[in-house]
Amino acid sequence: MNALLSLRTRAMLALATAAVVPPLVILGVRRAGLSEGPALLAAIAVMLPLLAWLSARWLAPLLRLTRALEGTVLSYRDSDFSLNLTPDGPRELAALTRLHAELGLALREQRQHLAQRELLLDTVVQNTPVALVLTGPGGRIAIANLAARQLLGDGRSLVGLDFGAVIAPLPEALREALAGDADRLFAVTLADGSEETFHHSTRAFRLQGQPHRLRLLRRMTRELSRAEVATWKRVIRVLSHELNNSLAPISSLAHSGAELARRGHTERLPEVLGSIGERAAHLHAFLSGYARFAKLPAPRREAVDWPGFLARLATLGEFRVDGSPPQAPGWFDPAQIEQALLNLIKNAHESGSDPDEVVLRLASQGAELRLEVLDRGPGMSEAVLAQALLPFYSTKRSEPGSQGGTGLGLALAREIAEAHDGRIALANRDGGGLRVAISLPQK
């Protein structure tokens with residue numbers, strides 16, 4: 001019966017009882033011959049206990065539900081979603097109990113799915129060949145997968161240990177990489193005497209309001225070996241193509257010259273010999289370019305005066321200087337940077353850009369020097385931009401007497417920039433053309 005009465009019905013019954021019972025009591029007292037004062041006191045004496053009893057009886061389900069909800073909320077706070085409430089009391093409370101039971105079921109299912117995903121993620125993290133270390137506040141290790149335990153701790157658990165103490169006994173190159181906050185590629189001689197190349201990447205972030213740092217160590221020896229083989233294959237193809245393009249005409253011209261000499265037509269021999277000389281000179285220049293790339297010496301940095309440097313560069317290539325050079329002298333190897341800029345200027349002209357649109361910009365940005373070569377050619381597609389800095393990659397056809405088509409111009413500029421601890425970046429310009437920027441650290 002209690003479940004059939006809603007809260008509103010119960011309230012109306014309580015009000016009706018409060019309205020009807022007192023007059024009835026007063027009327028009964030008057031008939032008994034008592035005065036109005038005692039009748040009123042008798043009505044109050046009867047009404048108050050009755051209302052208290054009705055209130056306690058009718059509000060009991062609401063109080064039970066309130067206590068039950070309080071208990072389940074505390075359980076939810078402790079991540080315990082196993083409690084269920086039995087529908088009881090008025091219809092509104094029974095409906096609320098059913099909804100709460102559905103909420104608990106949904107939370108249990110979500111927790112189960114989350115636990116399964118966490119198990120899957122932990123399995124992936126633990127079994128990935130990439131060594132993963134997560135450090136929390138104070139440099140304590142929060143997560144270290146199996147690869148990290150094998151590499152850094154001889155297989156023992158690292159969780160809870162101080163990261164600095166863990167890496168202290170490691171080889172110097174590995175210790176320096178892990179202690180730094182930059183991505184880098186480095187080689188390490190392991191305990192078994194083998195040399196392994198690693199790539200270290202690290203990122204800082206906040207987890208639950210606390211600073212954390214994630215470090216990843218990936219073995220790159222196999223990948224680099226495959227890349228090296230692919231590069232050598234590309235080199236062989238380029239060299240074979242260029243040698244065939246030069247040696248075949250030289251062989252043909254030599255045969256023609258011998259035939260002319262046998263017939264006594266010596267008047268054409270100078271032309272034939274001149275062609276042979278041109279092809280030989282082109283072949284020599286081609287091979288010299290490769291040798292220069294392979295034997296790039298360490299840069300010899302010095303203070304560089306801008307007017308003199310730009311004047312020398314202007315005698316080698318046509319360009320326009322945009323803006324004024326930095327007031328402070330540059331700090332780099334002038335011969336190498338001159339060669340890099342010359343290659344970029346040459347590429348800008350070969351792009352089909354108007355010569356007046358080949359621009360050189362020089363600017364200081366904090367502790368870096370930025371040198372930009374800009375043109376108004378067709379630019380590069382995304383696929384070409386991704387490959388343009390690789391050695392021997394070229395979309396141009398080789399021309400006699402030049403390095404066009406060898407794929408060394410941009411690669412040499414990149415090698416020079418990185419030898420200066422700098423970097424090079426390519427980007428298409430708004431309105432057409434290419435921007436090649438070399439950034440160099442300054443002392």
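Select Trp306, Phe309 and Phe332 to begin: these residues form one aromatic cluster. The model is predicted, with local features requiring pLDDT of at least 70 and side-chain atom pairs pLDDT 80 or more, while totals for chains, interfaces and linings use all residues. Residues are numbered from 1 along each chain as its sequence is written, and side-chain values use heavy atoms, leaving out hydrogens and water.

**The aromatic cluster**

Across the whole structure, a search finds 4 aromatic pairs. Rings of Phe, Tyr and Trp (its six-membered ring) pair if their centres lie within 6.5 Å; planes under 30 degrees apart count as stacked, over 60 as edge-to-face and the rest as tilted. Display tryptophan 306 and phenylalanine 332: their ring centres are 5.8 Å apart and their planes stand at 50°, so this pair is tilted. Tryptophan 306 belongs to helix H9 and phenylalanine 332 to strand S8 (residues 330–332), so the pair ties together parts 26 residues apart in sequence. Helices (H or I, at least four residues) and strands (E, at least two) are DSSP runs, numbered from the N terminus.

Phenylalanine 309 and phenylalanine 332 are both buried, as is tryptophan 306. Buried means under 20% relative accessible area, exposed over 50%, partly exposed in between (1.4 Å probe, protein chains only).

**The largest nonpolar core**

Keep phenylalanine 309 selected and show its surroundings. Its contacts (heavy atoms within 4.5 Å) include Val304, Pro334, Ile337 and Leu341, not counting residues up to four places away in sequence. Phe309, Leu341 and Leu426 have the most contacts inside the largest nonpolar core, which has 33 residues. Such a core is a set of buried Ala, Val, Leu, Ile, Met, Phe, Trp, Tyr and Cys residues joined through side-chain atoms within 4.5 Å. Elements giving two or more residues to this core include helix H9 (306–314), helix H10 (334–350) and strand S11 (423–428). The largest share, 6 residues, comes from H10.

Apart from this core lies another, of 19 residues, with Val133, Ile141, Leu158 and Val188 among them.

Move to valine 133, which stands opposite alanine 144 in S2. Strand S1 (residues 131–135) and strand S2 (residues 141–144) run antiparallel, joined by 3 bridges; two strands pair if DSSP finds at least two bridges between them. In the turn of this hairpin, which has 5 residues between the strands, select glycine 138 to find a positive phi of about 80°.

Next, select strand S3 (residues 184–189) and strand S4 (residues 195–207), an antiparallel pair with 6 bridges. Leucine 185 has histidine 199 in S4 as its bridge partner. On to strand S5 (residues 210–219): 10 bridges join this strand to S4, again antiparallel. Leucine 207 is bridged to glutamine 210 in S5, and glutamine 208, in the hairpin of S4 and S5, takes a positive phi near 55°.

**Histidine 200**

End the tour at histidine 200, in strand S4. This residue is buried, with a relative accessible area of 0%. A polar atom of its side chain lies 3.3 Å from the backbone oxygen of alanine 182. Residues that histidine 200 touches include Leu178, Asp183, Phe186, Arg215 and Leu217.

How values were computed
A polar contact is a pair of N or O atoms within 3.5 Å; within protein, one must be able to donate a hydrogen and the other to accept it, and residues adjacent in sequence count only if both atoms are side-chain atoms.
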